[in-house]
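Open the model in your viewer and show it as a cartoon.

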Amino acid sequence: MARYFSRMGGGSPISVTKDEIMADLIQGSEDAADRAKVPALSRDEYEHLLDIFCAREKFMSVEAGKEVILTYDACTLKIRRAGVNVDRIQALQIYEKLMGADTMELSHVDYSYKPIKPIAVSEQPVLEQALLGTHIPLFYGAQPNLGLYSQPDGPFPNPMELMPMGKIKEAQESYEASVEHLVKDIVYVASLMYESGADGINLDTSGAAGDADFLGALLATEELRDKYPEMCIEFGTAGEFVMGMHSELEYKGHRLAGMYPHDQLKMAELAGATIFGPVANTKTSKSSAWNMARTITFMKPVGEIAKVKKSTSQQPHSNVTKGPKSSWV
């Protein structure tokens with residue numbers, strides 16, 4: 001039987017048969033369907049993916065007219081990680097003029113809103129210069145990173161130390177206090193960058209520290225949408241489900257803990273996000289076919305129900321909500 005080159009989720013090369021690829025596609029999709037309570041892929045979709053994984057060509061593409069616009073997070077950091085020692089503005093020009101990026105993002109090496117806040121006024125002229133030297137949409141972005149607000153890095157007791165001692169209520173209160181400071185920092189930095197000309201603001205890896213982190217990103221999005229109705233806000237997530245580190249936090253009556261991408265999308269829309277970036281975790285012990293089918297199964301319902309819309313001065317954002325602020329618990 002013919003064998004095909006493929007890889008594991010961690011990148012290790014493997015040799016597999018067509019039957020093995022199909023089995024992994026089905027198992028990966030069914031795993032995601034069971035976890036997120038969404039439909040598995042259809043037989044036609046399995047066959048389409050199988051054709052892709054069995055193709056002998058080194059490069060794959062899509063039919064003309066089916067391309068998608070891509071956003072990039074931490075553009076200016078990833079060029080450095082590849083060993084190309086250039087300035088941040090030059091990195092953005094490489095992304096645009098050599099790599100053909102659709103959008104770009106200016107970011108600082110301390111890729112979180114808390115450490116950026118003290119130097120935000122120094123970031124403004126860098127952003128302004130970057131805008132003068134590029135043409136495609138340029139975002140400013142960072143992570144909410146709620147973990148930085150806990151001791152020893154922040155002012156609040158560390159929930160990871162409190163919970164093993166059985167101090168669950170104290171840990172929850174620490175999370176809630178951290179959220180308030182996180183929202184202030186995000187809104188402060190995002191406001192300065194937007195008023196300096198940024199085409200959008202990215203809240204990257206939202207939910208990395210659990211449901212409180214996710215809530216902080218939602219509340220910051222809501223506040224920015226009210227403050228700047230025309231702002232483009234990209235809401236990127238950290239994982240395929242929201243970890244219940246607090247476990248009782250809600251946004252507009254919806255419990256956040258345990259939400260999978262299609263429900264995370266609904267919260268981002270309610271808050272007023274313009275762009276939503278879902279995530280599926282990669283399992284390195286499984287094949288790329290298994291991981292791909294699993295990822296598509298998570299993402300397909302997101303694309304089917306998404307209603308996020310571009311906001312312009314002629315068309316205010318459709319998800320702006322008025323009235324009292326959301327209750328948390």
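Rings of Phe, Tyr and Trp (its six-membered ring) pair here if their centres lie within 6.5 Å, and planes under 30 degrees apart count as stacked. The model is a predicted one.

**Stop 1: the aromatic rings**

Show the aromatic side chains. By that rule there are six aromatic pairs. Select Phe235 and Phe276 for one of them: the ring centres are 6.5 Å apart and the planes stand at 25°, so this pair is stacked. Now look at where the two rings come from. Phe235 belongs to strand β6 (residues 233–237) and Phe276 to strand β9, 41 residues apart, so to speak of this pair is to speak of a link between distant parts of the chain.

**Stop 2: the open sheet**

Stay with β6 and β9, and colour the sheet that holds them. Which strands form it, and in what order? Five strands make up this open sheet, running β3-β4-β5-β6-β9, with parallel pairing. Find the edges next: β3 (104–106) and β9 (275–277) each pair on one side only. Ignoring direction, neighbouring strands in the sheet are turned by 30° against each other on average.

Zoom in on β4 and β5. Strand β4 (residues 138–142) pairs with strand β5 (residues 200–206) in the parallel sense, over four bridges. Select Ala142 and look across: Leu203 in β5 stands opposite. Helix α8 lies across β4 and β5, and runs at about 150° to β5.

**Stop 3**

Most residues other than glycine have a negative phi, and most peptide bonds are trans. Select Asn145, which is in the loop between β4 and α7. Asn145 is not a glycine, yet its phi is positive, at about 50°. Move on to Gln151 and Pro152. A cis peptide bond joins them, with omega at about 10°.

**Stop 3: α9 against α10**

Select helix α9 (residues 211–227) and helix α10 (residues 261–271). The two pack at an angle of about 30°, and their axes are 8 Å apart. Angles under 35 degrees count as roughly parallel, and α9 and α10 are therefore roughly parallel to each other. Show the side chains in the contact. From α9 come Phe214, Leu218, Thr221, Glu222 and Arg225, and they meet Gln264, Met267, Ala268 and Ala271 in α10. By class, the residues of this contact are five nonpolar, two polar and two charged.

**Stop 4: the hairpin**

Jump to strands β1 and β2. Strand β1 (residues 3–7) and strand β2 (residues 13–17) pair in the antiparallel sense over five bridges. Select Arg3: its opposite number in β2 is Thr17. What do β1 and β2 form, and how many residues lie between them? They form a hairpin with five residues between them. Click on Gly11 in the turn, where phi is positive, at about 105°.

**Stop 5: α1 against α2**

Now select helix α1 (residues 18–36) together with α2. These helices pack at an angle of about 130°, with their axes 10 Å apart. That makes α1 oblique to α2. The crossing of α1 and α2 is right-handed. Show the contact: Lys18, Ile21, Met22, Leu25, Ile26, Ser29 and Glu30 in α1 meet Arg43, Tyr46, Glu47, Leu49, Leu50 and Phe53 in α2. This set divides into eight nonpolar, one polar and four charged residues.

**Stop 6: α2 against α11**

In the contact, Glu45, Leu49 and Phe53 of α2 meet Ser288, Ala289, Met292, Ala293, Ile296 and Lys300 of α11. The residues there are six nonpolar, one polar and two charged.

End on Leu49 and Phe53. Both residues take part in the contact with α1, and both also take part in the contact with α11.

Conventions: Residues are numbered from 1 along each chain as its sequence is written. This is a predicted model: local features need pLDDT of at least 70, side-chain atom pairs count only at pLDDT 80 or more; totals for chains, interfaces and linings use all residues. Side-chain values use heavy atoms; hydrogens and water are left out. Contact means heavy atoms within 4.5 Å. Ala, Val, Leu, Ile, Met, Phe, Trp, Tyr, Cys and Pro count as nonpolar, Asp, Glu, Lys and Arg as charged, and the others, Gly among them, as polar. Two strands pair if DSSP finds at least two bridges between them. Axes are lines fitted to C-alpha atoms, for helices over the stretch in contact, and angles run from 0 to 180 degrees between N-to-C directions. Rings of Phe, Tyr and Trp (its six-membered ring) pair if their centres lie within 6.5 Å; planes under 30 degrees apart count as stacked, over 60 as edge-to-face and the rest as tilted. Angles under 35 degrees count as roughly parallel, over 145 as roughly antiparallel, 65 to 115 as roughly perpendicular and the rest as oblique. A crossing is left-handed if the near helix is turned anticlockwise from the far one by less than a right angle, and right-handed if clockwise.
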